[in-house]
Amino acid sequence: MPENTPEQPSAYAEAGVDEEREQTAFGRVMRPWLARTKVKSPMVTSITGLSSGYFATLMHLPPGPPLALTTDGVGTKILLAREANRWEPVGVDCVANNVNDLICVGAVPLALLDYIATDRIDESVLDEIARGLFFGSELAGISIPGGEIAQIGAMLADSTGGGPMLDLVGTAIGALPEATGPTAADNGYRKPLDGSAVSPGDVIIGLPSSGLHSNGYSLARHALFTKGGRSLADTLSGGRKLIDALLQPTRVYVQAAEALWAAGITPHGMAHISGGGLLNIARLAADVSYELDSVPAPAEVFRVIAESGQVSADVMYATFNMGIGFCVVVSESDAQPALDALKNAGEDAVRIGRVLDQPGKSVSIPSENLVGTGDTFEVRAG
């Protein structure tokens, strides 16, 4: 990775994404209003998730199973899909982004509703997106019973020329299944996960990503094409085209997560490594820290992004998944059984780190000399 320079921490803002301002705006402007909203129906006994910063929100409607809700989109990967006129991958991304968040709370994904905002109707494009949504749903084991298409050409200022300009967003619902024994809550359903059970000495298992998934594309595009002068037709080693690496769909981890439960393993925490990179693991509730001392070398596409845009390692690891798309935290005694269960489910899972008895929710990557909290990594002093 390129050496860190004083200019590098602003690389993402230079690409048009001000993460610090985004987080501040949500916390200062939106959250106070949203936190005041309340369900008036007596059917709902509680809703949890807004204040925790976790991956999905749980809604309790006794005597039925607690429901899990989440929403997410595809982001500026859409712009590459448009330029390449290949839309199927982003349909898969839309499903994966949502169901991978649901399973972090222990939920089984059930259904998704999609929303497409576009400047104009192009049936061939919609067919490809729908096919991608279908393929994603097959991997996740969910239904897509409905959705919405909105034609808002007047709102899409950059839609002139080329194919349709659009945005793709999904909202997914899941539920905690029935459970017995130590995995069951008092209501007879699976205990929800929030990471509060994570303890010092626990083992962190990483599941490989397929590439960038659908996060960090504003920075990737800026680094590769604006600063690096590359084109979609460029090739990586082995002859793989750059556009193929960039449009590789997000992996769906539903079957992997359920394989753990089926093997009798209760994860202490699970984290979808999406926007925010490997710092996402610190979203688990326990006040501990994480040392990622065995992170595999990232795929070539990440190195090409870093070199093309002179993006430092601290920014890369705080933006991209860097080859790890999902993390599972288990007790040391469950580590090998978990690895075996994941292998039997077709996952090339590896141990990537351990939980430290240090408060502060820091994430360290010794191989890169990085330590981070919140939304940023920094080069470790000394």
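This is a predicted model: local features need pLDDT of at least 70, side-chain atom pairs count only at pLDDT 80 or more; totals for chains, interfaces and linings use all residues.

Helices here are DSSP runs of H or I with at least four residues, numbered from the N terminus. Residues are numbered from 1 along each chain as its sequence is written, and side-chain values use heavy atoms, leaving out hydrogens and water.

Arg303 also has a salt bridge with Glu307, and there the closest N and O atoms are 3.1 Å apart. Glu307 is in H9 as well, 4 residues from Arg303, again about one turn of the helix. Glu300 is partly exposed at 23%, and Glu307 is partly exposed at 42%. The cut-offs are simple: buried is under 20% relative accessible area, exposed is over 50%, and partly exposed is in between (1.4 Å probe, protein chains only).

In H9, 7 of the 10 residues are buried, so the helix is largely enclosed by the rest of the structure. The buried ones are Val301, Phe302, Val304, Ile305, Ala306, Ser308 and Gly309. Their cover includes helix H6 (217-227), helix H7 (242-246) and helix H10 (313-319).

## H4 meets H5

Next, find helix H4 (residues 88-102) and helix H5 (residues 123-140), which pack at an angle of about 40° with their axes 6 Å apart. The axes are lines fitted to C-alpha atoms over the stretch in contact, and angles run from 0 to 180 degrees between N-to-C directions. H4 and H5 are therefore oblique to each other. For angles, under 35 degrees is roughly parallel, over 145 roughly antiparallel, 65 to 115 roughly perpendicular, and the rest oblique.

Which residues of H4 make the contact? They are Glu88, Val90, Gly91, Val92, Cys94, Val95 and Val99, where contact means heavy atoms within 4.5 Å. On the H5 side, the residues include Arg131, Phe135 and Ala140.

Arg131 and Glu88 join their side chains in a salt bridge (2.7 Å, N to O). Arg131 is in helix H5 and Glu88 in helix H4, so the pair ties together parts that are 43 residues apart in sequence. Arg131 is partly exposed, with a relative accessible area of 33%, and Glu88 is partly exposed at 26%.

Ala140, in helix H5, is buried, with a relative accessible area of 7%. Leaving out residues up to four places away in sequence, Ala140 touches Val95, Val99, Val252 and Val254. Ala140 and Val95 are 45 residues apart in sequence, but 7.8 Å apart in space, C-alpha to C-alpha.

## The salt-bridge tally

How many salt bridges does the count come to? The count comes to 13. There is also a network of salt bridges linking Glu291, Asp293, Arg351 and Arg354.

Conventions
Helices (H or I, at least four residues) and strands (E, at least two) are DSSP runs, numbered from the N terminus. A salt bridge is a side-chain nitrogen of Lys or Arg within 4 Å of a carboxyl oxygen of Asp or Glu.
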